[in-house]
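Below is a short briefing on a structure, grouped by topic. The sequence and coordinates come first, then the notes.

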Amino acid sequence: MDFKGRDVISVKDFSKKEINEILIYAKKMVPYAKGEKQTNILKEKILSSLFFEPSTRTRLSFECAMHRLGGNVIGFADPNATSQKKGESLADSIRMADAYSDAIVIRHPQEGAARLSGEFADSPVLNAGDGAGQHPTQCLLDLFTILTEKKKINGNKIVLLGDLKYGRTVHSLAYALSLFGAELIFVSPQSLKMPKEVISECKDFGVEPTNTTNLDNAIKDADVLYVTRIQKERFPDAEEYNKVIGTYKVDTELLKHAHNDLIIMHPLPRVVEIDPHVDKTPNALYFKQAFNGVPVRMALLSLILGGKKL
Amino acid sequence: MKELKVTPIKKGTVIDHIPPCMALKVLHVLKIPEATSSAVSVAMNVKSKMGKKDIVKIENKELDKREVNKISLIAPKATINIIRNYEVVEKHRVQLPDEIVGIVKCSNPTCISNFREPVESRFIVVNKDPPHIKCYYCERDTEDIAERII
């Protein structure tokens with residue numbers, strides 16, 4: 001399979017076979033991501049890191065991934081210091097970044113921004129989150145985490161919890177997990193239910209997700225609990241946000257209902273949805289999951305920039 | 001002598017087989033009456049072999065491809081009859097293309113296509129009848145298509 005020069009806009013742009021290849025290559029990247037081994041396969045390559053919205057893990061792990069591969073990074077994390085502030089269109093900003101670098105990673109508040117960027121850049125564009133839209137590299141690192149911890153993706157019973165309406169990670173993840181044949185349970189407040197078009201996509205792969213508001217029952221025989229933050233910034237109305245914040249809390253009491261080998265994942269940042277006491281339990285996987293962003297993004301950058309295979 | 005409710009036109013377009021009560025939406029997407037000063041006849045809830053239908057007759061105007069595409073989004077079974085000298089010289093059913101460009105505005109207010117960018121709106125046609133379209137940029141489904149036609 002040839003990944004060289006391809007955009008990474010949505011996980012739907014990749015077949016199951018291609019996703020598997022990325023995950024297998026990411027596994028090889030782990031010792032390099034940890035700094036136990038060194039490589040320079042992207043020496044002389046420059047990545048533009050354009051973050052028009054705040055980010056901690058995604059930006060740092062992309063930049064870390066590029067450095068670990070021997071490449072260089074240019075860019076910004078504060079759009080107020082750029083010509084966007086002067087009213088420049090995204091298309092023009094992308095044309096400039098395209099001229100200065102070999103690949104572009106972009107996070108932007110408007111949905112579809114990465115797809116549009118791909119139209120104006122000859123270099124490959126990687127979507128690091130476009131508003132409430134897609135976040136394909138998060139999805140890939142989530143799949144990688146489940147695969148490495150559970151040794152397989154299909155057949156796992158996976159609970160997606162929290163803001164399933166506005167949460168961008170859960171939409172792509174529900175699609176990808178269905179592609180791999182996982183069993184899905186959606187747990188959310190009534191007002192934040194999974195959109196019907198996402199459920200319809202799951203059904204296209206023969207997966208019939210269960211919808212419930214009861215978390216205690218849902219996690220009884222679950223293999224993975226994927227928790228999401230209820231995102232204040234996505235709510236059109238602050239009153240609606242206040243009604244649902246704190247509806248669910250994952251704590252050690254809740255874990256008494258679960259299997260010992262349940263893994264708890266979260267794309268982070270978390271606010272109140274996971275009690276810090278859970279961090280010390282063997283179930284807490286979210287920090288390891290955040291690290292997994294580095295080998296997965298190393299694998300992607302290497303593949304699309306045509307780096308020598310490790 | 002039998003009197004016709006709507007008389008034949010000498011020259012122009014007859015849009016037939018519009019779903020009942022959709023004729024006004026057809027006029028809306030064609031920007032009528034602003035777009036023409038010629039006579040326009042509207043017949044609603046007309047009995048036909050297939051039940052009821054609406055018909056729109058526009059004198060002295062032949063629809064272009066873009067206008068036909070607009071109609072296909074709200075009346076996918078409509079037929080377009082081009083009339084010259086009282087004769088039907090061309091008749092075809094509207095055909096929704098696989099992709100719609102620059103005709104519909106994305107219903108998602110935070111879609112990049114609704115911002116000041118040098119691109120036209122673009123939609124992938126998921127289903128032709130009933131029409132179901134998805135924004136190429138933000139991947140959202142568009143509801144109330146008739147209200148979103150530019």
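**Burial and overall form**

Buried residues make up 51% of the 310 residues in chain A, where a residue is buried if 20 or more other C-beta atoms lie within 10 Å of its own, exposed if 12 or fewer, and partly exposed in between, with C-beta atoms placed from the backbone. This is a predicted model, in which local features need pLDDT of at least 70 and side-chain atom pairs count only at pLDDT 80 or more, while totals for chains, interfaces and linings use all residues. Residues are numbered from 1 along each chain as its sequence is written, and chains are lettered from A and ligands numbered from 1 in the order in which they are written.

**Fold of chain A**

- Chain A contains eleven helices and nine strands; helices (H or I, at least four residues) and strands (E, at least two) are DSSP runs, numbered from the N terminus.
- The radius of gyration of chain A is 19 Å, which agrees with the value near 19 Å for a compact globule of 310 residues; the radius is taken over C-alpha atoms, and the globule rule is 2.2 Å times the number of residues to the power 0.38.
- The C-alpha trace of chain A spans about 55 × 45 × 40 Å along its principal axes.
- Of the contacts in chain A with a separation of 6 or more, 75% are between residues 24 or more positions apart; two residues are in contact if their C-beta atoms, placed from the backbone, lie within 7 Å.

**Interface of chains A and B**

- Twelve residues of chain A are in contact with 16 residues of chain B.
- On the chain A side, helix H3 (90-100) and helix H4 (113-120) are the elements that give two or more residues.
- H4(A) provides the largest share of that side, three residues.

**Cis peptide bonds**

- The bond from A:Leu268 to A:Pro269 is cis, with omega near 5°, and A:Pro269 sits in the loop between strand E9 (263-265) and helix H11 (286-304) of chain A.
- The bond from B:Ile32 to B:Pro33 is also cis, with omega near 20°; B:Pro33 is in the loop between helix H1 (23-29) and strand E2 (40-48) of chain B.

**Positive phi outside glycine**

- A:Lys151 has a positive phi of about 70° and belongs to the loop between helix H5 (136-150) and strand E5 (157-161) of chain A. A:Lys151 is exposed, with 8 other C-beta atoms within 10 Å.
- B:Asn60 has a positive phi of about 60° and belongs to the loop between strand E3 (51-59) and helix H2 (65-74) of chain B. B:Asn60 is partly exposed, with 13 other C-beta atoms within 10 Å.
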